[in-house]
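Work through the exercises below with the sequence and the model side by side. Each task is followed by a solution in steps.

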Amino acid sequence: MADARTAHDVVIIGSGLSGSMLGAILARNGVKVLLLDHKEHPKFAIGESTIPNTLVSLRTMAARYGVPELQTLSSFGGCQRIIGPWHGVKNHFGFLQHQEGKPQDPAQLTMYNFTKLIYPTAHFYRQDVDSYLFRTAVSYGCRARQNVTVAEVDFDDAGVTVVAEGGEEFRARYMVDASGYRSPIAEKFGLRETPCRFQHHSRSIWNHVVDMPRTDDVFDRPAADRPPVPWYEGTVHHLFERGWWWVIPFDNDPSSRNPMCSVGLTLDPRRYPVDETLTPEEEFWYHVRRFPDVARQFEGMRPTREWVRTGRLQYSSTQTVGDRWVLLGHAAGFIDPLYSRGMSNTCETVNLLAWRLLRAVADDDFSAARFKAVDRCQQALLDGNDSLVNSSFISFEDYDLWSAVFRIWAWGSNAGTFRAHEAFRRWRDDGDERHLLELEDVENPGLHWSDHPGYSELFDEMVEQCAAFEAGRITGTQAADVLYDRMAAAPFVPRHYGWDARGQRFINPTSKVLAKTMWWALREGTPEVRRLLFGFGIEAVKEFAKGRRIF
């Protein structure tokens, strides 16, 4: 066995999705990497729902760093074929609004379907995805140690010494802490902000279950009230005042052999403090019984493990980079699983960090200054998601306001995905890294559509209107009026999609809708929107002609 103090270039604490992904990239490009984890694979993890922006980041990193295994994760089909048939398909974000003691009102539905021009996204069965990435990292040369608990970390001018429980020591030039909330670096340097700076407050109860009723069977309604894509083929969100349930099925495609479904309840603890007289399972069912149609959704399901109940989920850090260290992903902070931003934000950060770390290894310069952009991006992503989720929780009290918030989020996410893909396509075509670097040097890195000032202003208006509603200065309808008027007047919000159509419950970008939107963009769209839509549309046509999808 090699000397435990053998020096490595980089030690990564945590071999989950972010740590193993970064480890694979670094090792593939010649860096000596040590992966340490206090557990062993396969290990349970949540954060299962992907979004199109995640897929673009994965495809970009696969090509940029020569790690084709990352492209496997960028489509549902790739996951099923290569990792195993244990994942679910995600074709939409679906939301059903509920009022206590009442049946769900079919007028209060919202859904955003992903265009069929892209490959279907997936509900990751995380223990298999994380194991796949861990094996990939090791196959590229990472040295790995599992069941190692870090007791202490010490930094000096030449590197870092990691001391495990029991006294074993490991040495490296740089440390990436991807361990999550219980970050040894955050603890060593006192980085956790007290109180947490984020406005949003939530806590969760979750489990994996079997025998989950299919949402479409629970809500068997006339054609006019059925969505264009079945509810159970995507991530289902049951919304209520200051809270929501998730339904993330792994059994929603004929190719899947996984009978399980991920379920969870997320609550504002200021409105719903923990009742310590109830077990986590009893508390989950207490809230389920408040809503008759939510009770039908969960009727007969059976847990596969012990229920987990958390305190407040949100935590923040004063800084996420320092001399010879970085906090990555959930080690830096956390907001809420609403909108499935966790993996997307992590992938963006890994992409931002990887090329800088490769150069730092080559230059032997690991000063905090060269990673300043990583800190800026991570902090902005957390702050932006905080504003979005906090506004959303406020809007759950009024469907009219929620429908406006839903549209502003969905179009920004959609446009940001197109923008990221445009940069990837241009880099792939001419090899000029400037296209990718332009995505980093933006005014508002916390938003998916990060380089458009008009969208940033619309987003800020949404935050202000929701705050005014929460304070009781205006009604939900008044706040919604302002936001719908802004969307209708905004030249960067495409027509025909339904973004500004107040009564349209389902945003469904069919080929006909896309054709109309392209025609609008050609005649009336702003230059940046025209560039995004036409760049996406032209490549989509080319890829379809070859029997492929765009990403």
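Predicted model: local features only at pLDDT ≥ 70, side-chain atom pairs only at ≥ 80, totals over all residues.

**Exercise 1. Describe the salt bridge of Arg126 with Asp130.**

Step 1. The closest N and O atoms of Arg126 and Asp130 are 2.9 Å apart. A salt bridge is a side-chain nitrogen of Lys or Arg within 4 Å of a carboxyl oxygen of Asp or Glu.

Step 2. Arg126 and Asp130 are 4 residues apart in helix 5, so about one helical turn separates them.

Step 3. Both Arg126 and Asp130 are buried.

**Exercise 2. Find which parts of the chain are linked by the salt bridge between Arg356 and Glu440.**

Step 1. The side chains of Arg356 and Glu440 meet at 2.8 Å, N to O.

Step 2. This pair links distant parts of the chain, 84 residues apart: Arg356 is in helix 10, and Glu440 is in the loop between helix 13 (434-437) and helix 14 (453-470).

Step 3. Arg356 has a relative accessible area of 11% and is therefore buried. Glu440, at 18% relative accessibility, also counts as buried.

Step 4. For another pair, take Arg370 and Asp365, whose closest N and O atoms are 3.5 Å apart in a salt bridge. Arg370 is partly exposed at 24% relative accessibility, and Asp365 is partly exposed at 32%.

Step 5. The structure holds 39 salt bridges.

**Exercise 3. Name the buried residues of helix 8 and say where they lie around its axis.**

Step 1. In helix 8 (residues 280-288), the buried residues are Glu283, Phe284, His287 and Val288.

Step 2. Seen down the axis of helix 8, these residues fall within an arc of 140 degrees, so they line one face of the helix. The arc is that of the directions from the helix axis to the C-beta atoms.

Step 3. The buried residues of helix 8 pack against several elements, among them strand 11 (203-210), strand 13 (243-249) and helix 9 (292-298).

**Exercise 4. Describe the surroundings of Thr50.**

Step 1. Thr50 sits in the loop between strand 2 (33-36) and helix 2.

Step 2. With a relative accessible area of 1%, Thr50 is buried.

Step 3. Leaving aside neighbours within four places in sequence, Thr50 is in contact with Lys90, Thr121, Ala122, Phe124 and Met343.

Step 4. The C-alpha atoms of Thr50 and His287 are separated by 27 Å, and these residues are 237 residues apart along the chain.

Terms used
Residues numbered from 1 in each chain as written. Heavy atoms only, no water. Buried < 20%, exposed > 50% of the residue type's maximum accessible area, 1.4 Å probe, protein only. Helix = DSSP H or I, 4+ residues; strand = E, 2+ residues; numbered from the N terminus. Contact = heavy atoms within 4.5 Å.
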